[in-house]
Structures are given as structure tokens and as C-alpha cells.
Amino acid sequence: MTILVIAEHENGAVAPATLNTVAAAAKIGGDIHVLVAGQNVGGVAESAAKIAGVGKVLVADNAAYAHQLPENVAPLVAELGKGYSHVLAPATSNGKNILPRVAALLDVDQISEIIAVESADTFKRPIYAGNAIATVQSNAAVKVITVRATGFDAVAAEGGSAAVEAVAAAHDAGKSAFVGEELAKSDRPELTAAKIVVSGGRGMQNGDNFKHLYALADKLGAAVGASRAAVDAGFVPNDMQVGQTGKIVAPQLYIAVGISGAIQHLAGMKDSKVIVAINKDEEAPIFQIADYGLVADLFEAVPELEKLV
Amino acid sequence: MKILVAVKRVVDYNVKVRVKADNSGVDLANVKMSMNPFCEIAVEEAVRLKEKGVATEIVVVSIGPSTAQEQLRTALALGADRAILVESAEDLTSLAVAKLLKAVVDKEQPQLVILGKQAIDSDNNQTGQMLAALSGYGQGTFASKVEVSGDSVSVTREIDGGAQTVSLKLPAIVTTDLRLNEPRYASLPNIMKAKKKPLEVLTPDALGVSTASTNKTLKVEAPAARSAGIKVKSVAELVEKLKNEAKVI
């Protein structure tokens, strides 16, 4: 068995979700190869070669693979994938965009967002917004799988010494072109990788009031998230959204401030180790899953909390 | 141009689902069903493109049991012109659905196909991408903005770090994200009119598509329940608990 892991990378570095995906591959067992596709990705390939447990790194360095356009990257992965027992990618927006296209090209069903490996062909994944867990078995020749990063502890980024091999294949479908991108800037830890997450909901009332959460987050070294209600109301940008349709997080500590706890939000954070809810409505559903609940006005409780931690 | 919109009948998003005692699946008997929320957004976007004069005809398609006709009628009431139901009682995988949609695309030759980014039952997020691969079209997934100009479509996509814009050659596949638009409600007169709009029923056999799957669901379980927490009286008590009991700060 040999497993191909599609590396997620940005700004010339391997994204953390790749390390969780390699961890899932290690649980399946067998040799692990990592594919780095992009433009000017020599540095990424070198750091991918250092990931613990990786046997070989394949590099497809071509202008066609810049910005990870799925029309160009998917045929490359499908072509390489034929020689592997499993093709894995992190369930990031890139992974979700590319991998189903790969699966269709290979004519196999895909298994999305696995959270556990039962055996080499059997996996667990959440369905119905995390309200049920399905155990799925695949008899496909090539098993195509996306991995939910929070389901697996990351492998070490250092310690490996894999060989790096260039892949010549260049696919340019000519169906799509990159026009531009607008990235939200943040000095705080990345939401999906943070040990502590402080999230605000509709109860924050406006975007300006998020400054209370930023102050608390900076003191805790935490990332700041938001519920869909806060994003839809325009308080904060949508890349801060935690939930079924946003980011899935599982930090050590999740502090939900002014969030009622709709199913869609819980699907994104209920695997956090410790959940704290601060809400003035003592009937809010969030209290049913919170380890520690505080019924209080957030505009008094949050500044006080910031002073005491 | 002609737009094809795919819609799915799913359990209503407000329903708290229960896992069956024999772990064979989720109990859907006597549960309220609705159109998948992302599919509503797809229908709305198609209707808006028609209102702008970009689209001339909207064909809405669903693949599933005969009861999915209800969701197709809803889409017709929202502004779609005609409907196609590919009737199948089986639980189909995303790949099987994508193959059936490909057959409908071949038949109808739309310039744009709009789907939701994922269905809230299976949470797969695969069908649009798979349909794009099978038909060889470009894909604009997780769209928050769609602009058609000439023979291309510009799609602004929601990505992990923010937003990305790509330009796709038509025909193309677009999957909707939540922020693309706010779907309208069907008015009573439109619901009445929708009953008279054409609805064609096909079968996978008639389309010559095999729906065999390489995946098998062995069991479905309820997730591990969290143990009940406690309510603290003050911020000071909360900080004390987090430091000394939970040891997370």
C-alpha cells in the first residue's frame, strides 16, 4: 500500500492541515508520498521532505498549477493517483475543491471529511451537521478521501528526510483563469490551529464591539472566531466563521460569547476540549454543551475576564 | 442562455435528527423535509440572472424519490420554467448523482449549471465538482458572487483565507455558498401557477446510467455525548475553574 497525500501550501510554506493529513495516512499504514503542486514551490517541497513519516515528495512545478486551479491540478492528481491505494487531501477549501474532481476522473466515490481510520478501507465521518457518525467502507481501487484536520493530531514537521522527485506532467485545461484574491489580514493564530478560540455571535451587537474579544484573545494568545449570525450581520469577515458551513475547530478551550448555539454552529466546535459559554439568556442551547456556563451581560463579563486572566 | 439548477430534497435544517436504534441510518419517517438551503440559493441566483436578462430559461432538476416533486414545484414557484425528476428510490452517492446530472446536461445543453455547495444531510460537498469533471467544464465552487459576461463567467469564491476570483469559460459549473444571495419566498399565486408548469419524470435506466457504488455505509451512530457542565456564578469563579480544574489557561 502506498498513499499519496496532496500538500496544502500557502506563501511558500506547508500549511498545518497537511501534517494532520499525513497523520491520517500513517494510521492507514504503508508508504506515504506527498505531492506538492504549484508554481515556484521548491521551498515547499524541501519542507515537505522534512515531515516525519514521509517517504517521498513529488513536485509538480508549473505555471498551470499556480493558485491550485482544479481544472489543471485534478488531472495531474488523477494521473498520479492511479498508482496509489489511497489519495488523501486535507478538507480545506482547496482540498474540497480539487479532490471530488479527482475522484470523478478516477470513477470512484469519494469519502469526505473523515475523523477516524478504522482500517485501510473503513473510515468514520460525520453526517447531518455532526449529529450522526457514519462508518463507511470503500472497495474502490483507489480510495479518495478528504481528512478533517481536527480529527487527527499533527505529525512532527521536522525529523524526516524524504527524497524529492520532480514530476514532468503539465496539464493546462484552459477552462479557467485566476483573476485575483482578497485575503483577510490577521496577526493572531490561525483559527483552525489555535489552542484557544474566542468567538462572538449576534450578541456582540456590532463589529466595533469585537474589540473586547480581540483584547481578551491577545491576552490568552487565542484566535477570534464568529458565528454565522455575526458574519451575516456584517460584524466580521466570513473567514472567521465557525460552523458547518465555515471552519471546523477543536481547540483546548473554546469561549462562546453572545452565541445561542444553533446546530450549524455546534457542528463546527463541539469537539473542543473545554467549552465556556457567556450569554445573558440562560435558556440558550449553548449551555447544554458548555462545560462552564456564565449567565451574564457579555459587555461586563468579557472586560472583567480579560483583567483576571 | 439556458441555466440548469440541481436541487435536493433533504431533512429540514431545523430538525434535530435521531439515529435509528439498529444503527442502519437516521430516522426520516414523519420528519419534515425541505429543499436543501444551498439549493434554494442556487435557484435564487438563476432567477436573478433571468431577471437581469442574462438567462432565458431555467430548468430545475432533482434526483431522488417521487416525493422530490414537492421540491421541484417549490423551485417552479420561485421562478424556474420547467422541471425534470430523475426518479430513484435508492440512496445514491454523489458520483452516481453527478453521472445522472451529466446525462441531463448532455440532453439539455445548458450554458451554466448551478448547484449548492453541499447537502446538509450527507455533508459531502462533492457533486458539483464531480459533474464538472465528468462534463469537462470549469468549476466555480463556494461562490459568493457570479457575473456572466459574453462567453465567460466570473466567480468570486469563498476560500479559507478570504475570497478568490476566477474566470471560467462557458459552459461552466457553479456551486453556491451561503453569502451568494438571500432566497425569496414563493407567493401563493406563484405556487398555484407552478402546478401547471411542465415536470418530466425520467429514470436512471432511461438515461443509461449505472448508479453502482464503491462505497458502503456499515453503520450510523449517535456522536459521543458531552457530559453536562456546570454554571458558574461569577467571572472570578470561571477563571478559577479554568486555571485549576480544567487547566486550560
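Let me start with B:P171, which sits in the loop of chain B that runs between β9 (162-169) and β10 (172-176), where helices (H or I, at least four residues) and strands (E, at least two) are DSSP runs numbered from the N terminus. The peptide bond leading from B:L170 into B:P171 is cis, and its omega is near -5°.

Before I go on, please keep in mind that this is a predicted model, in which local features need pLDDT of at least 70 and side-chain atom pairs count only at pLDDT 80 or more, while totals for chains, interfaces and linings use all residues. Residues are numbered from 1 along each chain as its sequence is written, chains are lettered from A and ligands numbered from 1 in the order in which they are written, and side-chain values use heavy atoms, with hydrogens and water left out.

B:N30 belongs to the loop between β2 (9-11) and β3 (33-35) of chain B, and its phi is near 55°, a positive value in a residue other than glycine. B:N125 also has a positive phi, of about 60°, although it is not a glycine, and this residue is found in the loop between β6 (112-116) and α4 (127-135) of chain B. Which of the labels buried or exposed applies to B:N30, and which to B:N125? The cut-offs are under 20% relative accessible area for buried and over 50% for exposed, with partly exposed in between, using a 1.4 Å probe and protein chains only. B:N30 has 87% relative accessibility and therefore counts as exposed, whereas B:N125, at 6% relative accessibility, counts as buried.

As for chain B as a whole, it has seven helices and 13 strands, and its C-alpha atoms fill a box of roughly 65 × 45 × 40 Å along the principal axes. Of its 249 residues, 54% count as buried. Taking contact to mean heavy atoms within 4.5 Å, we can look at the contacts in chain B between residues at least 6 apart in sequence, and 69% of these join residues at least 24 apart. The accessible surface of chain B, from the Shrake-Rupley method with a 1.4 Å probe, where for residues only the protein chains shown count as cover, comes to about 11,000 Å², and 50% of that belongs to carbon and sulfur atoms.

Let me turn to chain A, which contains eight helices and 18 strands. Why does the radius of gyration of chain A, at 21 Å, fit a compact globule? The radius is taken over C-alpha atoms, and the globule rule is 2.2 Å times the number of residues to the power 0.38; for 309 residues a compact globule would have a value near 19 Å, so the 21 Å of chain A agrees with it. The box filled by the C-alpha atoms of chain A is roughly 60 × 40 × 40 Å along the principal axes, and buried residues make up 59% of the 309 residues. Among contacts in chain A between residues at least 6 apart in sequence, 64% join residues at least 24 apart.

UniProt, in an unreviewed entry, places the feature "domain: Electron transfer flavoprotein alpha/beta-subunit N-terminal" at residues 3-182 of chain A, with the caution that positions are given in the numbering used here, feature names are shortened, and annotations may be inferred rather than shown by experiment. That span is 26% helix and 36% strand, and its end C-alpha atoms lie 34 Å apart.

Within chain A, helix α1 (residues 16-28) has 10 of its 13 residues buried, so it is largely enclosed by the rest of the structure. The buried residues of α1(A) include A:A17, A:L19, A:V22 and A:I28. Just after α1(A), A:G29 takes a positive phi of about 95°.

Two further residues of chain A deserve a mention. A:N94, in helix α4 (residues 93-106) of chain A, touches A:E8 and A:Q68, not counting residues up to four places away in sequence. A:N94 and A:L69 are 25 residues apart in sequence, and their C-alpha atoms are 8.9 Å apart in space. A:S227 lies in the loop between β15 (223-226) and α6 (228-232) of chain A, and it is buried, with a relative accessible area of 6%. Leaving out residues up to four places away in sequence, A:S227 touches A:G200, A:G201, A:R202, A:Q241, A:I259 and A:H265.
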